[in-house]
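Please look through the structure below, strand by strand and helix by helix. The paragraphs after it are meant to be read with the model open.

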2 protein chains.
Amino acid sequence: MSTKVDESEQQELAQPFGSCPLPIFDHPQIVLGHGSGGKLSAELIEKVFVSRFRNPTLEKMDDQAVLDVGGVRLAFTTDSFVVTPIFFPGGDIGALAVNGTVNDLAVGGAKPLYLAAAFILEEGLPAADLARVVDSMAIAAQNAGVQLVTGDTKVVNRGKGDKVFITTTGIGHMNRATELSADRARPGDKILLSGFIGDHGITILSQREGLEFEGAPESDCAALHGLVAAILDEAEAAGDLRSVRVMRDPTRGGVATVLNEIAQRSRAGMILRESEIPVRETVRGACELLGLDPLYVANEGKLVAVVAPQIADRVLSAMQQHTLGTDGRIIGEVVEQPSGMVLMRTFVGGTRVVDVLFGEQLPRIC
Amino acid sequence: MSTKVDESEQQELAQPFGSCPLPIFDHPQIVLGHGSGGKLSAELIEKVFVSRFRNPTLEKMDDQAVLDVGGVRLAFTTDSFVVTPIFFPGGDIGALAVNGTVNDLAVGGAKPLYLAAAFILEEGLPAADLARVVDSMAIAAQNAGVQLVTGDTKVVNRGKGDKVFITTTGIGHMNRATELSADRARPGDKILLSGFIGDHGITILSQREGLEFEGAPESDCAALHGLVAAILDEAEAAGDLRSVRVMRDPTRGGVATVLNEIAQRSRAGMILRESEIPVRETVRGACELLGLDPLYVANEGKLVAVVAPQIADRVLSAMQQHTLGTDGRIIGEVVEQPSGMVLMRTFVGGTRVVDVLFGEQLPRIC
């Protein structure tokens with residue numbers, strides 16, 4: 001039973017699941033911005049992918065799917081890593097591929113357990129580079145307490161890939177009674193951030209463009225499962241696990257993109273205080289030089305958490321006691337209006353809208 | 001806690017897990033053959049990957065990992081699809097990506113349930129091509145009874161990818177008491193094959209090289225979950241589920257590669273009868289013209305099963321009653337000697353060794 005596709009079937013194929021018309025995707029070609037995590041990405045995902053695969057799990061659009069298999073609740077997440085360069089200060093594509101997937105499981109409240117890794121190698125890749133990447137994955141997996149249990153390797157012709165792409169897929173066990181979801185932020189909730197933003201993005205950009213800064217930044221690439229566990233332990237100890245509304249690791253598109261998504265999904269507003277958002281001087285300097293806003297720059301080892309007000313101080317203190325959260329802060333609050341929007345009180349006392357990014361600030365960041 | 005890699009750590013990184021020395025991978029660069037499914041692939045996987053990630057599940061080296069999560073047995077498998085061209089008679093990269101992963105779950109005895117799909121798109125890909133691929137995936141998923149529940153999209157610069165690469169990862173439920181494993185073939189067991197071989201590989205090759213044959217073949221791309229279920233149902237009805245020793249879908253490297261792997265893992269020999277192996281005239285002709293052996297050419301909708309002699313006829317009959325197994329045959333037997341080798345009685349009455357492929361017969365076939 002082959003799944004043939006030919007002209008005569010176009011009509012049927014255009015609407016595989018009945019008479020509901022597919023949305024118009026009004027771009028003749030894929031552009032870099034479609035992989036940015038911003039508005040263009042969202043449009044591609046909604047109009048081309050979700051519209052065709054419609055099911056309640058996919059439509060939740062969280063960073064991980066929560067599944068039931070034989071009565072056990074699993075988290076399931078996948079990510080392709082295409083970062084260039086593949087080695088950078090603070091990490092490499094291998095550490096990123098393991099930690100990124102571990103983080104997507106952890107922020108959903110799952111205990112990360114197993115990884116699958118699929119490699120697309122470009123013909124001519126130095127074997128020593130591959131070995132270094134795989135070493136790095138093995139160490140990252142060991143540090144995160146996950147096992148890599150299955151994999152695949154493909155080799156593409158020279159000029160049809162770029163050194164190495166890694167797709168890691170993870171399975172976690174939803175072993176706590178969490179109720180984390182991007183639609184659960186409520187007016188009055190506090191917005192927590194675990195530390196300095198923009199380190200990963202600025203590191204990659206500096207490497208790629210050969211920029212030199214004093215006190216050059218390093219990627220913050222790290223596994224967040226321990227920090228997440230510390231937060232959930234604290235909420236559990238307070239007997240109020242549901243007060244942790246949603247957690248995210250602000251990668252592509254940065255903190256601004258993650259908060260906009262939560263605001264929209266929760267139909268609530270957010271007010272941030274610029275003075276509370278930790279940005280290293282080098283990162284701020286590089287951003288000014290390059291015309292970037294650090295709020296949109298990728299992180300690979302930071303956590304954003306929205307929590308109920310009654311538990312915010314306890315959670316902040318638990319965060320700050322963890323190695324990866326020592327610079328944690330409450331950076332703002334959830335408010336009723338303007339619904340679906342993120343505002344920021346600036347240093348100088350004004351208020352500006354922190355909008356959704358349209359296209360690509362910095363491609364191939366992860 | 002960043003996972004830094006620098007020169008001073010090379011010694012430690014070379015041996016992340018204690019004092020066991022890593023094997024020497026004696027190739028300076030990755031070549032196409034490292035993705036072939038043959039000896040070069042096996043060497044890369046063993047020396048670069050498995051040696052660094054050592055764990056009992058990975059070392060089983062089956063097409064899927066079997067995991068325990070909260071007392072439930074899961075199958076977990078991942079595959080990157082990089083086939084070129086992305087559209088071909090009988091299917092496309094989308095159908096292949098869904099069916100290939102469904103098949104890896106099914107042949108392990110799992111009921112395929114959920115898929116994750118990660119797309120690496122090349123800048124400039126026509127949006128209509130992407131939509132056609134995704135349509136095809138949606139139809140294949142519906143036909144296979146699986147849900148695509150999570151995904152990822154990255155876009156790489158023009159010339160750093162090749163239209164579209166898809167990595168699909170699947171979760172299945174091991175809901176039967178099967179004991180399928182490549183090390184379970186025993187002398188006396190029968191080797192079953194579900195139909196004509198080489199259709200997929202020759203289709204891709206013809207498209208790529210612009211070859212024209214009379215009665216041009218079509219890819220056999222199909223989901224095998226139903227055929228596998230029919231076989232296991234029959235064995236269960238006979239009260240002898242363990243008599244189905246191992247099943248495989250002979251993709252990269254073809255039937256020859258799969259049988260060699262089983263012979264080696266089971267420390268048994270195999271004798272095939274060339275007269276019983278179904279090869280279409282067009283495929284045989286194309287193979288002769290191109291100097292290929294159909295036994296090594298990829299299939300994407302065929303099943304190889306090794307079953308105990310007492311149940312072979314019943315299983316064959318169940319196979320033949322399924323749409324995808326009407327041309328099924330018993331193509332040979334497992335024997336004691338020569339251990340780890342596959343022999344074939346040829347049309348003309350001789351015997352030849354069906355060896356393991358060294359490198360690449362045909363790159364980027366799936």
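The model is predicted, so local features need pLDDT of at least 70 and side-chain atom pairs count only at pLDDT 80 or more, while totals for chains, interfaces and linings use all residues. Residues are numbered from 1 along each chain as its sequence is written, chains are lettered from A and ligands numbered from 1 in the order in which they are written, and side-chain values use heavy atoms, with hydrogens and water left out.

Begin with the open sheet of chain A, where five strands follow the order E1-E2-E7-E5-E6 with mixed pairing. Strand E1 (65-69) and strand E6 (147-156) of chain A each have a single partner strand and stand at the edges, so one side of each has no neighbour in the sheet. On average, neighbouring strands of this sheet are turned by 20 degrees against each other, direction ignored. Helices (H or I, at least four residues) and strands (E, at least two) are DSSP runs, numbered from the N terminus. Two strands pair if DSSP finds at least two bridges between them. Strand E5 (residues 111-122) of chain A pairs with E6(A) in the parallel sense over nine bridges. Ala118(A) has Asp152(A) in E6(A) as its bridge partner.

Which strands does helix H4 (residues 93-106) of chain A lie across? H4(A) lies across strand E2 (72-81), E5 and strand E7 (164-173) of chain A, and runs at about 150 degrees to E2(A). Chain B also supplies a helix here: H2 (residues 39-53) of chain B lies across E5 and E6 of chain A, at about 155 degrees to E6(A). Angles run from 0 to 180 degrees between N-to-C directions, and axes are lines fitted to C-alpha atoms, for helices over the stretch in contact. Contact means heavy atoms within 4.5 Å.

Strand E12 (residues 329-335) of chain A has five of its seven residues buried, so the strand is largely enclosed by the rest of the structure. Buried means under 20% relative accessible area, exposed over 50%, and partly exposed in between (1.4 Å probe, protein chains only). Strand E8 (residues 190-193) of chain A is joined to E12(A) by four bridges, and the two run antiparallel. Strand E10 (residues 269-273) of chain A is likewise joined to E12(A) by four bridges in an antiparallel arrangement. Gly332(A) of E12(A) is the bridge partner of Ile191(A), and Leu272(A) also stands opposite Gly332(A).

Next is a helix pair. Helix H6 (residues 199-209) and helix H9 (residues 281-290) of chain A pack at an angle of about 60 degrees, with their axes 10 Å apart. That makes H6(A) oblique to H9(A); angles under 35 degrees count as roughly parallel, over 145 as roughly antiparallel, 65 to 115 as roughly perpendicular and the rest as oblique. Asp199(A), Ile202(A) and Leu205(A) of H6(A) make the contact with Val283(A), Ala286(A), Cys287(A) and Leu290(A) of H9(A).

Some backbone details remain. Most residues other than glycine have a negative phi, and most peptide bonds are trans. Thr84(A) and Pro85(A) are joined by a cis peptide bond, with omega about 5 degrees. Pro85(A) sits in the loop between E2 and strand E3 (87-88) of chain A. Arg267(A) is a residue other than glycine with a positive phi, near 50 degrees. Arg267(A) counts as exposed, at 68% relative accessibility.
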